[in-house]
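Subject: Structure for you to look at

Dear colleague,

I am passing on the structure we spoke about, and below it you will find my notes on what was found. Please read them with the model open beside you.

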Amino acid sequence: MPVVLIAGGTGLVGTALSEVLTRKGYEVLILTRGEPGPARLQWDPEKRILPADAVGKADYIVNLTGAGVADKRWSKKRKQEIVSSRVDSAALIARALATQPNHVKAVVQASAIGWYGDDGRLGEERAFSEDTGAALDFFGQTCLAWEKAIAPVAESGRRLVTLRVGLVLDKNGGAFKAFAGPVRWGIAAIMGSGTQMQSWIHIQDLCRIIVFALENAGLSGVYNAVAPNPVSNRTLVLQMAQQIKGSFFIPVNVPPFMLRMVVGEMANELLKSLTVSCERLKKAGFQFVFPSVESALQALTATTGSK
């Protein structure tokens, strides 16, 4: 039974991925900052603490570690936590693979489409591809440092797949839960003008992409983990509202100044337009279960019993 070591395995994606891998017959080990237990190993990337036998037990490693970007207002301290939680964990895994006996076949590393910045910098209407350089803004440079920290894995000849993940839609948390909250009160809260594009992914497809990366030895390098059909924020919110409330809701545009009053600098991420291509992933042979936002939202609202 192949063993997959998941760093960040107790988060939204990690929890869903663990269930998928277990159903497929993998043994799952979780690296956690919490208490150790059955199939749970305690680590602390900031203090460079990793159980000596952690990588030695693994056939594959999936690193999903990173402080939640939208969990707290962005103070100087919080921004440092966002960066260090990602860079420290990636660097510790890379160092352990280089210095400890192991038989790890591949590493799947999470990154984010925040790498690209606003699609207005493209100069024309087209989607970002994996060969686009990192944006100079906070999250672009965070992603650059994140990916650099794990790069020694590939430089040593081991297979490394980096997934730049889009807006994850899942009924248990993240963007769907945040947008659905006001909708349940009859308010479809559109961010700013709502024209900004959002490249998204249903959590089931994201888990399938990770498994696809683990199981296909020909995959290496960077792939955008986004669905084929990005939509505007307005389209996403209104379609969500229609699925949850039918016609019983009121669209409300939340002005940028109000967003900045409420969430501070993080508002820049909510207002950023990101049109990202998944062509490289499709050419590798991956097929989406939820290629359209309609199909994704129908599945999510059906499982929540929202209507």
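Setting aside neighbours within four places in sequence, T142 is in contact (heavy atoms within 4.5 Å) with I82, V83 and R86. T142 belongs to helix α4, helices being DSSP runs of H or I of at least four residues and strands DSSP runs of E of at least two, both numbered from the N terminus. With a relative accessible area of 2%, T142 is buried, where buried means under 20% relative accessible area, exposed over 50% and partly exposed in between, using a 1.4 Å probe and protein chains only.

Before going further, please bear in mind that this is a predicted model, in which local features need pLDDT of at least 70 and side-chain atom pairs count only at pLDDT 80 or more, while totals for chains, interfaces and linings use all residues. Residues are numbered from 1 along each chain as its sequence is written, and side-chain values use heavy atoms, with hydrogens and water left out.

The sheet comes next. It is an open sheet of seven strands in the order β3-β2-β1-β4-β5-β6-β11, with parallel pairing, and two strands are taken to pair if DSSP finds at least two bridges between them. The edges are formed by β3 and β11, each of which has a single partner strand, so one side of each is left without a neighbour in the sheet. From one strand to the next the twist averages 20 degrees; angles run from 0 to 180 degrees between N-to-C directions, and axes are lines fitted to C-alpha atoms, for helices over the stretch in contact.

Within this sheet, strand β1 (residues 3–7) runs parallel to strand β4 (residues 60–63), and four bridges join them, with L5 standing opposite I61 in β4. Strand β6 (residues 159–165) pairs with β11, also in the parallel sense, over five bridges, and the bridge partner of V161 in β11 is G221. As for β11 itself (residues 221–225), four of its five residues are buried, so this strand is largely enclosed by the rest of the structure.

Helix α4 (residues 138–150) lies across β5 (106–112), β6 and β11, and runs at about 170 degrees to β5. Helix α7 (residues 203–215) touches β1, β4, β5, β6 and β11, and its direction makes about 165 degrees with that of β6.

There is also a helix pair to look at: α6 (residues 174–183) and α8 (residues 233–245) pack with their axes 10 Å apart, at an angle of about 60 degrees. They are therefore oblique to each other, given that angles under 35 degrees count as roughly parallel, over 145 as roughly antiparallel, 65 to 115 as roughly perpendicular and the rest as oblique. The contact is made by F176, F179, A180 and V183 of α6, together with N233, L236, V237, M240, A241, I244 and K245 of α8.

Finally, two loop residues deserve a look. A39, in the loop between β2 (27–32) and β3 (40–42), has a positive phi of about 65 degrees although it is not a glycine, and at a relative accessible area of 38% A39 is partly exposed. R48, in the loop between β3 and α2 (54–57), likewise has a positive phi, near 60 degrees, in a residue other than glycine, and at 60% relative accessibility R48 counts as exposed.

With best wishes
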